Amino acid sequence: MAVAPDVLVRICAQEIIKYDLEIKALVQDIRDSTGPLSILTELNAKVKVMFQQLRLRIQDLEQMAKEQDKESDKQTLLAEVENHRKQMLSNQTAWRKANLACKLAIDNYEKDELLHTTSSRTVQETNEEFKNMTGTIQLGRKLITKYNRRELTDKLLIFLALALFLATVVYILKKRLFPFL
């Protein structure tokens with residue numbers, strides 16, 4: 001049972017439309033994707049396969065157009081092939097734009113995560129440094145207070161020693177100069 005040539009042409013055209021719609025759906029998925037990069041890579045691999053299939057079916061349709069007997073059918077099919085090629089180029093442009101938008105969104109998300117993590121870590125490290133400095137400052141305050149007390153004690157002891165010395169000098173002078181008193 002042989003299949004009529006125009007049936008093959010219609011089947012090929014329907015497959016082209018099917019691949020075109022699948023590519024558009026995948027491009028929309030890429031545009032809506034927020035990551036991670038592995039999902040984007042997986043979606044891109046699917047899009048590449050669809051573009052290869054689409055390209056082959058467009059080439060098949062072009063070959064069928066060249067094999068047409070009627071010049072009007074040939075020109076109609078070649079015009080359809082040209083329209084499909086333009087649509088494929090439009091899809092490729094949309095795919096590139098969706099990829100850029102998705103990669104930008106992923107990069108921004110990763111940058112925000114990194115910034116949040118880095119700032120949290122920085123705040124935590126700064127807090128620990130302040131705690132260490134507070135401990136050091138408190139230790140310094142205790143030492144200064146201790147040295148101030150020692151200074152006061154030392155001044156008092158020096159004053160008492162000086163008073164004792166002066167009292168001794170006065171006593172000795174009194175005994176030698178005024179022995180009768």
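Which side chain meets lysine 24 in a salt bridge?

This is a predicted model, in which local features need pLDDT of at least 70 and side-chain atom pairs count only at pLDDT 80 or more, while totals for chains, interfaces and linings use all residues. Residues are numbered from 1 along each chain as its sequence is written, and side-chain values use heavy atoms, with hydrogens and water left out.

**Exercise 1.** Identify the partner of lysine 24 and describe the pair.

Solution.
1. The partner is aspartate 20, at 3.4 Å from N to O. A salt bridge here is a side-chain nitrogen of Lys or Arg within 4 Å of a carboxyl oxygen of Asp or Glu.
2. Lysine 24 and aspartate 20 are four residues apart in helix 1, so about one helical turn separates them. Helices (H or I, at least four residues) are DSSP runs, numbered from the N terminus.
3. Aspartate 20 is buried at 12% relative accessibility, whereas lysine 24 is partly exposed at 36%. Buried means under 20% relative accessible area, exposed over 50%, and partly exposed in between (1.4 Å probe, protein chains only).

**Exercise 2.** State which helices the salt bridge between glutamate 15 and arginine 57 ties together.

Solution.
1. The closest N and O atoms of this pair are 2.6 Å apart.
2. Glutamate 15 lies in helix 1 (residues 5–32) and arginine 57 in helix 2 (residues 37–66), so the bridge ties together parts 42 residues apart in sequence.
3. Arginine 57 is buried, with a relative accessible area of 17%; glutamate 15 is partly exposed, at 26%.

Methods. Helix = DSSP H or I, 4+ residues; strand = E, 2+ residues; numbered from the N terminus.
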